[in-house]
Amino acid sequence: MSAIYTEEWYEDLKRIVNSDPTVTKRAPQGTWRLMVHTEGDGVSPYFKKGERLNYFITFHDGKCTDYKRIKEGDEEPGDLDFRVRGDATIFERVAAELDDPIKIALKGDVNIKGDMRLLLLHADLVKRILEIYSNEMETEWTKGKPPY
């Protein structure tokens with residue numbers, strides 16, 4: 001078990017996603033590139049208000065090939081398929097299995113920019129990845145687990 005937001009935690013997530021045969025089977029061939037921005041909202045004990053954690057993620061033929069942090073001020077990779085922004089509390093509640101990630105996205109609590117047709121076309125894949133994030137990751141909550 002690794003602590004949330006640590007490099008080990010992200011590596012665990014990558015390993016679990018890559019070892020899941022349903023992800024590989026459902027994934028489209030080719031490359032998907034996305035940025036995930038987790039933003040401090042003043043509620044999460046893991047972030048100061050306004051602080052942001054940015055991760056660039058690449059999937060190629062159903063495997064997560066890249067999961068790296070982009071620090072503030074660093075140039076972001078271009079040509080993204082999706083950009084996801086949300087408050088840390090929302091991502092943490094999903095990771096703690098307190099909220100359903102699909103409902104959160106549909107309510108607009110997480111901002112998703114990109115070709116929504118592509119996202120809907122591969123909804124089963126997206127759902128499975130979100131299930132892994134919220135149900136199969138073993139997370140250590142060093143500063144408290146939601147609802148705090």
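**View 1. Helix α1 lies across strands β3 and β4.** In this predicted model, helix α1 spans residues 7–19 and strand β3 spans 52–60. The helix runs at about 170° to β4. Angles go from 0 to 180 degrees between N-to-C directions, along lines fitted to C-alpha atoms, for helices over the stretch in contact. Contact means heavy atoms within 4.5 Å. Helices (H or I, at least four residues) and strands (E, at least two) are DSSP runs, numbered from the N terminus. Residues are numbered from 1 along each chain as its sequence is written, local features need pLDDT of at least 70, side-chain atom pairs count only at pLDDT 80 or more, totals for chains, interfaces and linings use all residues, and side-chain values use heavy atoms, without hydrogens and water.

**View 2. Five strands make an open sheet.** The order is β4-β3-β2-β5-β6, with mixed pairing. Two strands pair if DSSP finds at least two bridges between them. β4 (63–69) and β6 (111–114) are the edges; each has a single partner strand, so one side of each lacks a neighbour in the sheet. Neighbouring strands are turned by 15° against each other on average, direction ignored.

**View 3. Strand β5 pairs with β2 and with β6.** β2 (residues 31–39) and β5 run parallel, joined by six bridges. E39 has D87 of β5 as its bridge partner. On the β6 side, β5 (residues 82–87) pairs in the antiparallel sense over four bridges. There R85 is bridged to N111, and F82 stands opposite G114. The covered face of β5 holds F82, V84 and G86. Its uncovered face holds R83, R85 and D87.

**View 4. Helix α3 is mostly covered.** Seven of the eight residues of α3 (88–95) are buried, meaning under 20% relative accessible area (1.4 Å probe, protein chains only). They are A88, T89, I90, F91, E92, V94 and A95. The cover includes β2, β5, α4 (101–107) and α6. Just after α3, E97 takes a positive phi of about 65°.

**View 5. The lining of the largest pocket takes its largest share, seven residues, from helix α6 (residues 123–136).** In total, 42 residues line the pocket; L34, V84, V126, I129 and L130 lie nearest its centre. The lining divides into 36 nonpolar, three polar and three charged residues. Ala, Val, Leu, Ile, Met, Phe, Trp, Tyr, Cys and Pro count as nonpolar, Asp, Glu, Lys and Arg as charged, and the others, Gly among them, as polar.

Terms used:
On a 1 Å grid over the protein atoms alone, a cavity is a set of points where a 1.4 Å probe fits but cannot get out, and a pocket is an open set with protein on both sides within 12 Å along at least five of seven lines; lining residues have an atom within 4 Å of a point. Buried means under 20% relative accessible area, exposed over 50%, partly exposed in between (1.4 Å probe, protein chains only).
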